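Okay, thanks for coming, everyone. I'd like to walk you through a model today, so let me put it up on the screen.

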Amino acid sequence: MKKLSLLLVSSMLMSCAAAEEEQQPVWDGNKVVLKSEKLADGVFAFYPSMAKEKEQKGIPVATSGGFIVGTDGVLVIDTMLNKRLNMQVQQMIKEEANMPIDYAVNTSFHGDHSYGNMYLPETTKIIQHETAKNYIDHHFKADTEFMIQNFGKGRGIEEIKPVTGDLLISKGGKLTLDLGNKKVQIIDFGFAQTGGDLFIWEPESKVIWTGNPIITVKPSLPWLLDGHLVETLNTLEKLYEFLPSDARIVPGHGTVMGKEDLVWHIDYLKAVKNQVQKAIDEGLTLEETVAKVTLPEFKGYALYGWVHPGLNVPAAYKDLSKK
Ligand SMILES: [Zn+2]
């Protein structure tokens, strides 16, 4: 499953510039410019400057994140793909807080959320899920090769060295980080895309960071890269239940959204689950199921043609055929 989906990512994420050998990534780590948005005192999101326009049209954009400045410390959420982007993050923090970065958390092991760890000061403590650390410890070389394939050569990935967590969160675990006047919660709500997915919740401002399990608003769709449709759906429903109605969500690849924006993603996964289950009950093969379960009402995402038939329907078929 993993190998197959990685191959599919490679072929779908890169679009061939006509007859040229050099392929173009969906977003370019050498060009993206990040901007920050203040959500409350000491609470900031950052995301690509063009994200708002693009996400509405279903066009994928680079990684989002944020930082929280307390009286006793600073936490940065996600460290970006390369040095160039990580330095933009450090510059934004410098402009808002004249304090060192005490903590950095990775919402997953994915390189665009964690490769920048190595550019942080040595004193910064890295927080990861133990599953993320385990993945990096065993698959780092293959992971960087895969990322170079998808995000291009010469985007700073070649120089990345693995830097894993100083503080680890175990399966189903939760850590409360005391930044002085702010107590930030880092929570594992369950399998959401990688099995090592962390959500960062700042209760006072009611802001949560989700990483990739929520790419961005409609029409983006979840990517079941590592399968587990049923668990992913349960986790997103748990997240929805957890959030107050006026919560704000900083997704993995987009601008700030509201709680009700989660409904699109949950409804999509429910529809995939119901329709694929029906196909299995009718005795359809995987190929027949992919052909049948097209869910046109969820079209609009630029990566729909890969993510839905290439990734999510097969993942659902595998997951639901198990019992
Ligand atoms: Zn990402």
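The helices (H or I, at least four residues) and strands (E, at least two) I'll name are DSSP runs, numbered from the N terminus. With that in hand, look at strand S8, residues 125-129, which pairs with S9 in the parallel sense over 3 bridges. In S9, Leu168 is the bridge partner of Gln128.

Quick housekeeping. This is a predicted model, so local features need pLDDT of at least 70, and side-chain atom pairs count only at pLDDT 80 or more, while totals for chains, interfaces and linings use all residues. Residues are numbered from 1 along each chain as its sequence is written, and side-chain values use heavy atoms, with hydrogens and water left out.

How confident is the predictor? pLDDT is its confidence in each residue, from 0 to 100, and the protein chain averages 94, with 93% of the residues scoring at least 70. Confidence is highest in strand S13, residues 207-211, at 99, and lowest in strand S1, residues 15-16, at a mean of 46. Residues 1-8 have pLDDT below 50, and the model gives that stretch 13 contacts beyond near neighbours in sequence. By contact I mean heavy atoms within 4.5 Å. Residues 15-21 also stay under 50, with 4 contacts beyond four places in sequence.

Back to the sheet with S8 and S9. It's an open one of 7 strands, in the order S3-S4-S5-S6-S7-S8-S9, and the pairing is mixed. Strand S3 (34-40) and strand S9 (167-169) are at the edges with a single partner strand each, so one side of each has no neighbour in the sheet. From one strand to the next, the twist averages 20°.

Which order do its strands take? It's S10-S11-S12-S13-S14-S15, 6 strands in an open sheet, with mixed pairing. S10 and strand S15 (257-258) are the edges here, each with a single partner strand, so one side of each is left without a neighbour in the sheet. H6 packs on this sheet, touching S11, S12 and S13, and its direction makes about 170° with that of S13.

Zooming in, strand S10 (174-178) and strand S11 (183-187) pair in the antiparallel sense over 5 bridges, and Leu175 stands opposite Ile186 in S11. Their hairpin has 4 residues between the strands, and Gly180 takes a positive phi near 95° there. S11 also pairs with S12, antiparallel over 3 bridges, with Gln185 opposite Trp201 in S12.

In the loop between S11 and strand S12 (199-202) we find Gly196. Is Gly196 buried or exposed? It's buried, with a relative accessible area of 2%; the cut-offs are under 20% for buried and over 50% for exposed, with partly exposed in between, using a 1.4 Å probe and protein chains only. Leaving out residues up to four places away in sequence, Gly196 touches Thr107, Ser108, His129, Thr131 and Ala132.

Last stop, the zinc ion. Which residues coordinate it? Asp112 (OD), His113 (NE2), Asn212 (OD1) and His253 (NE2) do, at 2.1 to 2.4 Å. Donors here are N, O and S atoms within 2.8 Å of the metal (3.2 Å for Na, K and Ca), and water is not among the atoms, so sites may look incomplete.

The angles among the 4 donor atoms go from 79 to 164°, and the site is irregular.

His113, in helix H4 (111-114), and Asn212, in the loop between S13 and helix H6 (229-242), are 99 residues apart, so to speak linking distant parts of the chain. His113 is buried at 0% relative accessible area, and Asn212 is buried at 5%.

Methods
Pairing = 2+ DSSP bridges. Axes fitted to C-alpha atoms, helices over the stretch in contact; angles between N-to-C directions. pLDDT = per-residue confidence, 0-100. Tetrahedral: all angles 85-135°; square planar, octahedral: opposite > 155°, others 65-115°.
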